Every structure is written in structure tokens, then in C-alpha cells.
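Work through the following exercises with the model open beside you, and try each task before reading its solution.

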Amino acid sequence: MNIALVEICVPTHYMVTNALIKTYCILPNANITVYTTNEIYQNLKENEHIDNVKFIIKQNDESVLSFLEKIKNSKPQRIHYCTISKFYKEFIRVLPEKDVLIFFHFHNIDTWFTNIIISQIKLLVNNIKNNSKISNIYNQFAWCIKELTRDPLRKKLIKKISSLNTYYIALGETQKNILSKYINNERIIIFPSLIYEAGSSAEITNHKKLRICIPGSVSNLRRDYHGFFESMENNFEFYKMHTTIDLLGFIQQGESKLLSQIKDLEKKGLDI
């Protein structure tokens with residue numbers, strides 16, 4: 001079984017690809033080819049010693065279109081699109097044949113199915129309210145325009161992929177429930193993006209505190225971070241003694257007040 005894993009968009013999403021490699025490589029009939037960039041490869045190259053895994057790296061002077069055509073011409077029986085967050089025109093032009101089993105991994109469901117205009121207006125208003133720097137407001141405005149031009153391409157791509165032999169990958173039960181509003185529930189598979197690997201350098205050795213891990217970029221438009229940190233402040237000594245907070249994403253532009261709130265909690269001694 002020839003399996004193609006495609007990740008050329010987001011370097012920080014390499015853990016999804018890593019989990020797929022570790023899962024598929026135990027199958028004796030699986031031949032896994034990872035199509036990626038050199039930057040992402042640096043985080044995955046520890047898997048190169050596995051007999052049934054090989055990497056094909058996109059060269060800097062190679063177009064995305066030709067790289068995707070290379071994947072299609074290799075005639076995989078399964079293909080995982082680990083992240084598609086750009087290059088929409090190229091992906092639309094070079095989708096697999098109908099006999100190929102496609103697995104489409106979701107990260108931000110709302111961008112694929114909801115009205116992007118409303119969400120981008122909210123982001124822009126939030127940026128203006130919470131940021132005094134004209135440059136940051138300009139950057140957010142430019143991003144809004146870019147997203148508005150991308151949105152029709154996203155909708156076109158998901159429509160074309162849905163017409164093929166496609167299964168959709170959710171990271172957990174909550175995400176699956178949201179996704180089932182738009183897609184047949186029988187076509188949705190839960191596959192966590194992280195797997196436990198004994199001996200990892202990131203293995204936790206201090207078990208005295210409860211670690212609270214919050215994935216995704218840090219923005220009040222994604223979740224109520226202000227409310228979360230206010231609850232910490234209301235029971236500060238308890239949380240200081242018993243918890244460590246891991247924010248697993250970057251703090252978005254326009255969240256200067258939120259950044260100040262986090263820094264204040266750190267100065268008081270909360271482990272963030």
C-alpha cells in the first residue's frame with residue numbers, strides 16, 4: 001500500500017505528520033512517502049531510519065504546482081493532506097484520481113464552511129480596540145483582505161475534495177461534533193495529532209503540578225482567555241501552587257491587553 005503524507009504549509013503542524021508516520025510504519029505492507037519542505041523535514045528526519053519511510057523534499061526553486069504533480073504521478077493509494085492553509089489554486093488543479101483514498105485533516109473548521117467576512121470584521125475590530133499601533137492595525141487589515149480573496153478558493157477546494165473518495169480527520173470528539181454539521185458523520189475519523197513516545201526529550205518529569213495545555217493561537221476571538229485568567233486571579237494562590245499553564249500557540253496581533261494580563265500573572269509567580 002503506497003501512502004503519501006503531504007505537509008508543505010505549516011511548519012508547526014509537523015506533529016500530525018509524525019503521528020501518521022508512527023502509526024502507518026507498523027503495517028508490513030505500507031510504503032510511506034512524506035512530501036514536505038526542508039524546514040518541516042528538520043523536525044521529522046528522526047523517522048528516516050524506518051525502512052518503509054522515505055522523504056521527498058520540495059526544492060526552493062521548485063514550484064508548488066510541479067511538486068504536487070510529482071505526488072499525483074507517484075500514484076499513491078492513500079493520500080493525507082495534513083494541512084492546507086495556502087496554495088489553494090495549486091491544490092485545486094492537482095487533486096488525486098477518484099480511486100485514491102483521500103484523508104483531509106481539519107484544523108480551523110470555520111474557515112472552510114462559515115462566512116469569513118463576519119469573522120474577519122470581528123478580528124479587525126478587536127485589533128483596533130486593543131492596539132494603539134497603526135502598523136499592527138494596518139497588518140490586520142491587510143490580512144483581512146488576503147483572507148477574503150482566499151475564501152472562495154477554500155470553498156471551491158472543499159467542494160471538489162468532497163466529490164472524491166474522501167474521509168475527514170478531526171482531532172477529537174468536540175471537533176467531530178462541529179464538523180458533523182457540515183459533513184456526513186460516517187466520513188469523519190478522529191485521529192489525535194500527538195502520540196506518546198517514550199524517551200522523548202520533552203517528556204514531563206515533574207508530576208507535582210497539574211499541567212493545563214491550551215492549543216492554538218492565543219486570541220479572545222478563539223476562546224475567552226480574559227475570563228480564564230480572571231478565574232486564575234480570583235483563586236491565585238491555589239493555581240500558583242498546583243498548576244502549570246501551557247499556551248501552545250502564538251499570541252496574535254491586536255491582543256496587547258491579553259499579553260499584559262499574561263505578563264502580570266507571570267510576575268506574580270504563576271507558572272505559564
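**Aromatic rings**

Ring pairs join Tyr88, Phe104, Phe106, Trp112, Phe113, Tyr168 and Tyr182 into a cluster. The model is a predicted one, in which local features need pLDDT of at least 70 and side-chain atom pairs count only at pLDDT 80 or more, while totals for chains, interfaces and linings use all residues. Residues are numbered from 1 along each chain as its sequence is written, and side-chain values use heavy atoms, with hydrogens and water left out.

**Exercise 1.** Determine how many aromatic pairs the structure holds, and classify the pair formed by Tyr81 and Phe91.

*Solution.* Rings of Phe, Tyr and Trp (its six-membered ring) pair if their centres lie within 6.5 Å, and planes under 30 degrees apart count as stacked, over 60 as edge-to-face and the rest as tilted. By this criterion the structure holds 15 aromatic pairs. For Tyr81 and Phe91 the ring centres are 5.6 Å apart and the planes stand at 90°, so the pair is edge-to-face. This pair links distant parts of the chain, with Tyr81 in strand 4 (residues 78–81) and Phe91 in helix 4 (residues 88–93), ten residues apart; helices (H or I, at least four residues) and strands (E, at least two) are DSSP runs, numbered from the N terminus. Both Tyr81 and Phe91 are buried, a term that stands for under 20% relative accessible area, against over 50% for exposed and partly exposed in between (1.4 Å probe, protein chains only).

**Exercise 2.** Is Arg154 buried or exposed, and which residues does Arg154 contact beyond its neighbours within four places in sequence?

*Solution.* Begin with the location: Arg154 belongs to helix 7 (residues 134–162). Its relative accessibility is 3%, so Arg154 counts as buried. With neighbours within four places in sequence set aside, Arg154 is in contact (heavy atoms within 4.5 Å) with Tyr88, Thr111, Trp112, Ile116 and Glu147.

**Exercise 3.** Find where Thr17 lies, and list its contacts beyond neighbours within four places in sequence.

*Solution.* Thr17 is found in helix 1 (residues 14–24). Its relative accessible area is 0%, and Thr17 is therefore buried. Apart from neighbours within four places in sequence, the residues in contact with Thr17 are Leu5, Glu7, Val34, Leu44 and Cys82.
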